[in-house]
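Work through these exercises with the sequence and the 3D view side by side. Try each task before you read its solution.

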Amino acid sequence: MSGASEAAALERELLDEYRFGRQQLVEICGHASAVAVTKAFPLPSLSRKQRTVLVVCGPEQNGAVGLACARHLRVFEYQPSIFCPAHSADALHRDLTTQCEKMDIPFLSFLPAEVRLIDDAYGLVVDAVLGPGVRLAEAGGPCARALATLKRLSIPLFPRWDAETGGDTKDAVQPDVLVSLAAPKSCASHFSGRHHFVAGRFVPDDVRRKFGLHLPKYTGTDCVASL
């Protein structure tokens with residue numbers, strides 16, 4: 001398992017040495033996150049209401065992953081809606097936002113403070129608010145308010161935990177499903193939800209060896225594996 005510093009070093013290796021593009025990594029992670037949703041909540045097993053997904057996207061790279069995830073969920077015939085508590089001027093965010101808008105994915109203008117309204121309207125929530133290494137106490141403003149609301153929901157939650165502490169704090173969001181991008185993070189030791197997926201099949205073999213990653217076996221052409 002890796003922490004925030006190891007995760008940052010792994011990403012830098014992919015960007016600098018392997019010449020992955022930032023948009024490419026966001027797309028890979030967004031697609032894998034959407035696939036994890038399909039594994040945990042297969043479409044044939046869901047009622048019409050349960051197919052609705054609220055994706056909450058922050059202004060950093062993790063929010064971009066959330067936007068890509070929402071687009072893929074639409075392709076997979078789920079019914080995503082998006083809420084951005086703080087908008088980003090980043091060009092990648094703008095491009096992904098345009099793609100979602102062109103696919104008629106609705107954007108909420110506000111997040112209801114009454115959690116019952118969210119619980120009644122959606123089948124699950126994808127939390128893509130904070131980026132790696134950003135703790136809730138440092139988020140502040142609208143992102144912190146959105147996370148405070150998510151913490152009180154009753155419907156299933158896909159989160160982005162802090163890579164080091166995960167949910168081991170009194171103000172942390174407690175998830176039903178955890179998705180580790182690239183490799184399992186240290187926070188996974190605190191996870192007690194129903195499903196933990198790792199999406200690291202795209203990581204080259206010599207990068208796995210360099211960082212001492214012990215990734216699971218992937219079935220067929222799957223891009224995620226259950227731990």
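**Exercise 1. Compare the span of helix α3 with its expected span, then describe its cover.**

Step 1. Helix α3 has 15 residues. From its first C-alpha to its last, α3 reaches 22 Å. The expected span is 1.5 Å times one less than the number of residues.

Step 2. Note the ground rules. This is a predicted model, where local features need pLDDT of at least 70 and side-chain atom pairs count only at pLDDT 80 or more, while totals for chains, interfaces and linings use all residues. Residues are numbered from 1 along each chain as its sequence is written, and side-chain values use heavy atoms, with hydrogens and water left out. Helices (H or I, at least four residues) and strands (E, at least two) are DSSP runs, numbered from the N terminus.

Step 3. Turn to cover. Buried means under 20% relative accessible area, exposed over 50%, and partly exposed in between (1.4 Å probe, protein chains only). In α3, 12 of the 15 residues are buried. Among them are G66, A70 and L73.

Step 4. Look past the helix end. E77 follows α3 and has a positive phi, near 75°.

**Exercise 2. Find which residues touch the most other members of the largest nonpolar core.**

Step 1. Define the core. It is a set of buried Ala, Val, Leu, Ile, Met, Phe, Trp, Tyr and Cys residues joined through side-chain atoms within 4.5 Å.

Step 2. The largest core holds 36 residues, and V55, L73, I82 and F158 touch the most other members. Helix α2 gives the most to this core, with eight residues.

Step 3. Zoom in on V55. Contact means heavy atoms within 4.5 Å. Leaving aside neighbours within four places in sequence, V55 is in contact with residues including G66, A70, L73 and I82.

**Exercise 3. Classify the two aromatic pairs.**

Step 1. State the rule. Rings of Phe, Tyr and Trp (its six-membered ring) pair if their centres lie within 6.5 Å; planes under 30 degrees apart count as stacked, over 60 as edge-to-face and the rest as tilted. The structure holds two such pairs.

Step 2. Take F20 and F202. Their ring centres are 6.4 Å apart and their planes stand at 65°, so the pair is edge-to-face. F20 lies in the loop between α1 and α2, and F202 in the loop between β7 and α8, so the pair ties together parts 182 residues apart in sequence.

Step 3. Take F41 and F158. Here the centres are 6.1 Å apart and the planes are at 50°, so this pair is tilted. Both F41 and F158 are buried.
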